Amino acid sequence: MWIRPAWAVPPVRPVRVLRRGLGRGVAALVTMLLLAPVPGCRAPLVPPGAPTPWPTALAHQWQWQWQLTGPVDVTVDADVFLLDPVLTTSTETAALRARDRRLVCQVRVGTYAPTDPDASRFPADVLGAAVAGRPESRWLDVRRWDALEPVLADRFRLCRGKGFGAVAINDADGYQHRPGFSLDFDDQLLFNRRLATLARQLDLSPGLVDDVPQVAALAPDFDFAVNQECVRRRECAKLLPFADADKPVFHVEYTGDPAAFCVTTVGYGFASIRKDHALDAWRQPCPLP
């Protein structure tokens with residue numbers, strides 16, 4: 001029911017009541033103007049220069065994109081973009097940030113490639129055996145933090161300089177392969193924790209790519225996980241230390257029908273997509289729960 005405002009009632013003392021009514025009306029109008037959102041002035045979800053936040057309330061609601069080849073499609077309907085920091089341009093990251101997208105750079109931390117812009121900075125004695133399937137790449141001796149930290153810190157700074165707020169460390173599981181060094185579980189654990197600390201020191205949110213056997217130990221150190229093919233490998237349950245802590249798990253399958261694997265991964269609370277191995281712009285996301 002509409003109620004006539006006080007200033008609309010005929011006053012007993014016209015002048016004084018009218019002034020009071022006008023004063024209250026002006027005050028109310030000013031308050032409304034101050035509280036109303038101003039078009040074009042909305043604060044960004046991720047302030048420039050700050051690590052990417054991952055609100056726990058949204059932990060199981062993210063949509064994501066993983067693109068490492070081709071021009072970045074900034075129009076993809078996703079909240080989170082995992083990109084190559086060298087190939088991605090500042091123009092592309094600016095366009096994504098203007099859309100309030102969260103940007104994650106993928107950095108190889110445990111392998112060397114001769115095509116890397118900073119390849120000459122790695123001492124010869126930290127290069128190990130060839131990486132399976134990538135014959136030109138070599139595993140790195142992750143026990144040599146003194147030699148690796150300056151190079152990796154600069155890789156992280158490149159991410160920060162291009163507008164990324166998070167970093168996903170890749171090839172952080174050399175101990176599971178034949179790296180050419182006597183690396184064990186604890187060597188890798190120490191290295192990965194050092195990387196998480198380094199990322200935070202450089203205002204980046206750290207994420208772990210794969211390395212599933214160490215997830216339970218490393219989940220407290222990292223803010224999110226990126227996983228490849230946990231459904232095909234039958235190891236999705238091992239990622240629950242992240243999901244149960246309301247930390248995002250960004251998951252991808254390269255084969256299979258999303259209608260089948262989404263039932264499993266969305267049930268676990270993961271953000272899941274189907275991609276081609278080329279990791280171009282194409283994606284097929286799982287629906288949100």
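In this predicted model, the torsion about the S-S bond that joins Cys-230 and Cys-236 is about 85°, so this disulfide is right-handed. The sulfur atoms of Cys-230 and Cys-236 lie 2.0 Å from each other, and both of these cysteines are buried.

This bond belongs to a set of 3 disulfides, and when the bonded cysteines of the protein chain are numbered in the order of the sequence, they pair as 1-2, 3-4 and 5-6.

Another of these links is the disulfide between Cys-105 and Cys-159, with an S to S distance of 2.1 Å. Because Cys-105 lies in strand E3 (residues 102-108) and Cys-159 in helix H3 (residues 145-161), the pair ties together parts of the structure that are 54 residues apart in sequence. With 105° about the S-S bond, the link of Cys-105 and Cys-159 is right-handed, and Cys-105 and Cys-159 are each buried.

The disulfide of Cys-262 and Cys-286 has its sulfur atoms 1.8 Å apart, and the torsion about its S-S bond is about -80°, so the link of Cys-262 and Cys-286 is left-handed. Here the pair connects distant parts of the chain, since Cys-262 sits in helix H8 (residues 258-268) whereas Cys-286 falls in the segment after strand E12 (284-285), 24 residues apart. As for accessibility, Cys-262 counts as buried because its relative accessibility is 8%, and Cys-286, with a relative accessible area of 4%, is buried too.

How values were computed. Residues numbered from 1 in each chain as written. Predicted model: local features only at pLDDT ≥ 70, side-chain atom pairs only at ≥ 80, totals over all residues. Heavy atoms only, no water. Disulfide = S-S within 2.5 Å. Helix = DSSP H or I, 4+ residues; strand = E, 2+ residues; numbered from the N terminus. Buried < 20%, exposed > 50% of the residue type's maximum accessible area, 1.4 Å probe, protein only.
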